[in-house]
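Trainee: Could you walk me through this structure, one step at a time?
Mentor: Gladly! Have a look at it first, and then ask away.

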Amino acid sequence: MTDVEALYTANHDRLFRYFCRAVGHIEDARELTQDVFVRVSRSVMPTGPEGARRGWLFQIARNLALDHHRSRQRRPQVEALTDHALRPASQDTSAQVNEALAALSDLDRDVFLMREVAGLGYDDIASACGLTPDAVRNRIHRARLQLRLQLSGEIAARCATPMRRTGRDS
């Protein structure tokens, strides 16, 4: 197994989960995950421990996610009108989480996603983002507080709204 294959096997799922939350669309996440490994195959892989390689890999991923966000800002996507009353609660929750994540700064969002979604350690995140491990801890803490504050308001509003009937009588 080559180094690229080993890196792919060890990190593909982590990258995909990171991109799913970072960009919010599964198809975009699949494409970006592939793009990471295309870039890796064209680059000279750093030597050293696995953590250093993982940090380098997520640095590439983070740059691709930032480029993706910039290109979407330049040409906004038109979203179809949907009836929010017909969406399942899990979709509402997922949309609220995505909105809360989008409200974070790019760096705070990426640091949070690398930790909570991709499962990277502080040293790997620090390497990927050009920070110290202490700065990573601080940013994760700040992101958690901001997400908690934003989502608690959404959850409180949801709890105050009466539940819909399913149409079945008991």
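Mentor: One term before we start: a polar contact is a pair of N or O atoms within 3.5 Å, and within protein one must be able to donate a hydrogen and the other to accept it. Please also keep in mind that this is a predicted model.

Trainee: With which residue does the side chain of R62 make a polar contact?
Mentor: Start with the place of R62, which is in helix α3, residues 50-74. For the polar contact, the two side chains come to 2.9 Å, and the partner of R62 is D110.

Trainee: How many helices does the protein chain have?
Mentor: Reading along the sequence gives the pattern α-α-α-α-α-α-α. There are zero strands, and the number of helices is seven.

Trainee: Is α2 parallel or oblique to α3?
Mentor: The axes of α2, residues 26-41, and α3 come within 10 Å and cross at roughly 130°. Angles over 145 degrees would count as roughly antiparallel, and 65 to 115 as roughly perpendicular. This angle therefore makes α2, relative to α3, oblique.

Trainee: Which residues of α3 make the contact with α2?
Mentor: The crossing of these two helices is right-handed. On the α2 side, the contact is made by D28, L32, D35, V36, F37, R39 and V40. On the α3 side, the residues are W56, L57, I60, A61, L64, H68 and R72.

Trainee: Which residues of α5 make the contact with α1?
Mentor: Helix α1, residues 3-23, packs with α5 at an angle of about 145°, with the axes 9 Å apart. The crossing is right-handed. From α1 come Y18, R21 and A22, and from α5 come R109, D110, L113 and M114.

Trainee: What is the relative accessibility of R109?
Mentor: R109 lies in helix α5. Leaving out neighbours within four places in sequence, R109 is in contact with A22, L66, H69, L101, A102 and L104. R109 counts as buried because its relative accessibility is 4%.

Trainee: What separates the C-alpha atoms of V111 and I125?
Mentor: V111 lies in helix α5, residues 106-116, and is buried, with a relative accessible area of 0%. Setting aside neighbours within four places, the contacts of V111 are I125, C129, L131, V136, R139 and I140. V111 and I125 are 14 residues apart along the chain, and their C-alpha atoms are separated by 6.5 Å.

Trainee: Which residue follows α6?
Mentor: Helix α6 covers residues 122-129, and its buried residues are D124, I125, A126, A128 and C129. The residue after α6 has a positive phi, near 70°, and is G130.

Trainee: Over which residues is the pLDDT below 50?
Mentor: The protein chain averages a pLDDT of 83, and 79% of the residues score at least 70. One stretch falls below 50 and, beyond near neighbours in sequence, has six contacts in the model: residues 80-87.

Trainee: Why should I take care there?
Mentor: Where pLDDT is low, the predicted coordinates should not be read in detail.

How values were computed. Residues are numbered from 1 along each chain as its sequence is written. This is a predicted model: local features need pLDDT of at least 70, side-chain atom pairs count only at pLDDT 80 or more; totals for chains, interfaces and linings use all residues. Side-chain values use heavy atoms; hydrogens and water are left out. Helices (H or I, at least four residues) and strands (E, at least two) are DSSP runs, numbered from the N terminus. pLDDT is the predictor's confidence in each residue, from 0 to 100. Contact means heavy atoms within 4.5 Å. Axes are lines fitted to C-alpha atoms, for helices over the stretch in contact, and angles run from 0 to 180 degrees between N-to-C directions. Angles under 35 degrees count as roughly parallel, over 145 as roughly antiparallel, 65 to 115 as roughly perpendicular and the rest as oblique. A crossing is left-handed if the near helix is turned anticlockwise from the far one by less than a right angle, and right-handed if clockwise. Buried means under 20% relative accessible area, exposed over 50%, partly exposed in between (1.4 Å probe, protein chains only).
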